[in-house]
Amino acid sequence: MGRVTERRRTIRIRDGIVTTRPDTLVAEEPLEIRLNGKSLAITMRTPGDDFALAAGFLVSEGVLASASDVQSIVYCAGAKDDGSNTYNVVDVRLAPGVPVPDITLERNVYTTSSCGLCGKASLDAVRTTARFTIDDTPPVRLEPTLLAGLPDRLRAAQEVFDRTGGLHAAALFSEHGELLDIREDVGRHNAVDKLIGRALRQDLLPLSRSILLVSSRASFELAQKAVMAGIPVLAAVSAPSSLAVDLAMETGLTLVGFLRGPSMNVYAGDERIALHTGV
C-alpha cells in the first residue's frame with residue numbers, strides 16, 4: 001500500500017564541500033476515490049489512512065454523516081491492466097438508502113479554493129450540503145493561553161515531519177486542550193480529511209466540542225471541512241483567506257489565524273475566546 005517515506009540520492013553542498021548521500025523524502029502518490037464504483041476525484045496524497053481520507057472527503061462533500069452511511073470501503077483489485085492492485089484506487093460503497101448527490105458525480109464543484117466559482121456560489125454550496133450545524137451548546141470557551149500552547153504540541157507529535165521536513169499536519173484537540181488525533185500528509189486538505197474520516201468511522205461526528213489546528217494557512221477549503229464536520233473552532237499557524245473568513249462569519253465558525261506562541265488573530269467567532277482587553 002505504499003510507504004510514507006522513500007529514499008532518494010542527493011548531492012549536498014555545504015560550505016563548498018560536495019558530498020553524495022541518500023535523503024528521506026515524503027512519499028507522494030495519486031489516490032482515486034470512487035463512489036459506488038464511479039470515479040469521483042483524484043488527489044495527490046501520502047499513502048496511509050486511505051480509507052479515512054476517502055471517508056473524510058465524502059463528509060466534506062455532504063455525502064456521509066455517520067458510520068452507518070457506509071456499506072464498505074475497499075481497495076480496487078485489478079486497478080492495473082494486468083489485474084494487479086495498485087492500492088491507489090479506493091471505492092466507497094454507500095449503505096442502502098443513502099442518496100448520492102448529483103453535484104459531486106460529474107465534477108467536484110467546490111472542494112478546492114481554486115475551483116473558479118465566485119464567493120457567493122462557494123458559500124451557498126456549503127450551506128446547502130452541510131449535514132451538521134455548528135452546535136456547541138453550551139458554547140466552547142477557550143483561553144488564549146490554551147490556544148497558544150497547541151502549535152508546539154502539534155509540532156512535537158509530527159513524527160514523519162522530523163524525518164522529511166515535507167508534511168502538513170492537522171490535529172484535533174478537545175476544548176480542554178487534550179490531543180485527540182493527529183494526521184500528516186503532503187496535502188493539508190488530505191490531513192484534515194484523514195482526521196474527519198477517522199472520526200466518522202468511529203461514529204464521532206459531529207465534532208462539536210473540538211478544535212481543529214492546521215500547520216498551514218486557513219483556506220476556504222479547510223474552513224469548509226471544519227464546518228461540514230460540525231467543528232466549532234479552526235486555528236491555523238498562518239493566514240486565512242478572505243473567503244474562509246466569510247464562511248466562518250456566516251456559519252458561526254471561530255477562525256483563528258497567525259497562531260504563534262502568545263500571538264494570534266481572531267477573524268470570526270470571538271465569542272468563544274475569553275478576551276481580556278486592557279485599558
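Biologist: Where does Ser 238 lie?

Modeller: Ser 238 sits in the loop between β10 (233-236) and α9 (242-251). Helices (H or I, at least four residues) and strands (E, at least two) are DSSP runs, numbered from the N terminus. This is a predicted model, where local features need pLDDT of at least 70, side-chain atom pairs count only at pLDDT 80 or more, and totals for chains, interfaces and linings use all residues. Residues are numbered from 1 along each chain as its sequence is written, and side-chain values use heavy atoms, leaving out hydrogens and water.

Biologist: Why is Ser 238 called partly exposed?

Modeller: Buried means under 20% relative accessible area, exposed over 50%, and partly exposed in between (1.4 Å probe, protein chains only). Ser 238 has 22%, so it is partly exposed.

Biologist: Why does Tyr 75 count as buried?

Modeller: Its relative accessibility is 17%, so Tyr 75 counts as buried.

Biologist: What makes the pair of Tyr 75 and Tyr 87 edge-to-face?

Modeller: Rings of Phe, Tyr and Trp (its six-membered ring) pair if their centres lie within 6.5 Å; planes under 30 degrees apart count as stacked, over 60 as edge-to-face and the rest as tilted. For Tyr 75 and Tyr 87 the centres are 5.1 Å apart and the planes at 75°, so the pair is edge-to-face.

Biologist: Which parts does this pair tie together?

Modeller: Tyr 75 lies in strand β5 and Tyr 87 in the loop between β5 and β6 (89-94), so the pair joins parts twelve residues apart in sequence. Ring pairs also link Phe 51, Tyr 75 and Tyr 87 into a cluster.
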